[in-house]
Amino acid sequence: MTMAAILIVEDSPDNMKLFRTLLELKGHAVTGLPGGDDLFSTLEAGTPDLILMDIQMPGKDGFALLEELKGSAHRGLPVVALTAHAMAGDRDRALAAGFDGYITKPIDIRQFPQQVADALEGNFPRDA
Ligand code: MN
């Protein structure tokens with residue numbers, strides 16, 4: 001697996017810790033944000049190879065942040081949505097909104113690193 005810079009936007013500290021741990025174990029450099037407030041200043045400081053974006057967040061949600069990204073100079077960055085299993089409609093909506101793929105939470109901790117590796121190679125995860 002290629003090491004990469006991955007930006008995670010996720011409001012749940014428990015999820016963030018899990019995602020970070022799993023990806024750092026694979027050698028990735030992970031930056032975490034609890035929401036969109038610092039998204040653009042973070043992108044100005046360094047462009048990640050991949051963004052993992054939670055959908056459900058207080059304040060601006062993942063859809064709103066994706067729309068801002070698509071209207072910015074960062075529109076070409078690959079963005080994978082993190083969708084809640086219970087919110088089945090979010091997955092179709094995520095693809096329609098322009099996310100490159102989605103990973104459903106709760107994640108499968110054995111599949112997650114491979115889903116991210118696939119996304120880094122342009123094979124975006126669209127699990128059930
Ligand atoms: Mn959330």
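This is a predicted model: local features need pLDDT of at least 70, side-chain atom pairs count only at pLDDT 80 or more; totals for chains, interfaces and linings use all residues.
The overall dimensions come next. A compact globule of 128 residues would have a radius of gyration near 14 Å, and the protein agrees with this because its own value is 13 Å. Along the principal axes, the C-alpha atoms fill a box of roughly 35 × 35 × 30 Å. Of the 128 residues, 45% are buried. Among contacts with a separation of 6 or more, 62% are between residues 24 or more positions apart. The accessible surface comes to about 6,500 Å², and carbon and sulfur atoms hold 50% of that area.

Valine 9 lies in strand S1. Buried means under 20% relative accessible area, so valine 9, at 0%, counts as buried. Leaving aside neighbours within four places in sequence, the contacts of valine 9 include Leu33, Gly35, Gly36 and Leu39. Valine 9 also touches Ile51, Leu52, Met53 and Asp54, as well as Met57 and Leu65. Threonine 104 is 95 residues away from valine 9 along the chain, and the C-alpha atoms of these two residues are separated by 15 Å.

Aspartate 11 is found in the loop between S1 and H1. This residue has a relative accessible area of 30% and is therefore partly exposed. Proline 34 is 23 residues from aspartate 11 along the chain, yet their C-alpha atoms are separated by 4.3 Å. Not counting residues up to four places away in sequence, aspartate 11 touches Pro34, Asp54, Gln56, Met57 and Pro58.

The charged residues can be taken together. Side chains of opposite charge can pair when their charged atoms come close. A search of the whole structure finds four salt bridges.

One of them joins lysine 105 and glutamate 10, with the closest N and O atoms 2.8 Å apart. This pair links distant parts of the chain, as lysine 105 is in strand S5 (residues 101–105) and glutamate 10 is in the loop between S1 and helix H1 (13–25), 95 residues apart. Both lysine 105 and glutamate 10 are buried. A network of salt bridges links Glu10, Asp54 and Lys105.

Another salt bridge connects arginine 20 with glutamate 24, where the closest N and O atoms are 3.1 Å apart. Both residues lie in helix H1, four residues apart, which is about one turn of the helix. An α-helix has 3.6 residues a turn, so residues three or four places apart point the same way. Arginine 20 is partly exposed, with a relative accessible area of 27%, and glutamate 24 is partly exposed at 40%.

Lysine 60 and glutamate 68 also meet through their side chains in a salt bridge, at 2.6 Å from N to O. Lysine 60 has 47% relative accessibility and so counts as partly exposed. Glutamate 68 is partly exposed as well, with a relative accessible area of 30%.

Most residues other than glycine have a negative phi, and most peptide bonds are trans. The peptide bond joining lysine 105 and proline 106 is cis, with omega about 0 degrees. Proline 106 lies in the loop between S5 and helix H5 (112–120).

In H5, the residues Phe112, Pro113, Gln115, Val116, Ala117 and Ala119 are buried. The buried residues of H5 pack against S1, H1, strand S3 (50–54), strand S4 (79–84) and S5. Just after H5, glycine 122 takes a positive phi of about 90 degrees.

Definitions and conventions:
Residues are numbered from 1 along each chain as its sequence is written. Side-chain values use heavy atoms; hydrogens and water are left out. The radius of gyration is taken over C-alpha atoms; the globule rule is 2.2 Å times the number of residues to the power 0.38. Buried means under 20% relative accessible area, exposed over 50%, partly exposed in between (1.4 Å probe, protein chains only). Contact means heavy atoms within 4.5 Å. Accessible areas come from the Shrake-Rupley method with a 1.4 Å probe; for residues, only the protein chains shown count as cover. Helices (H or I, at least four residues) and strands (E, at least two) are DSSP runs, numbered from the N terminus.
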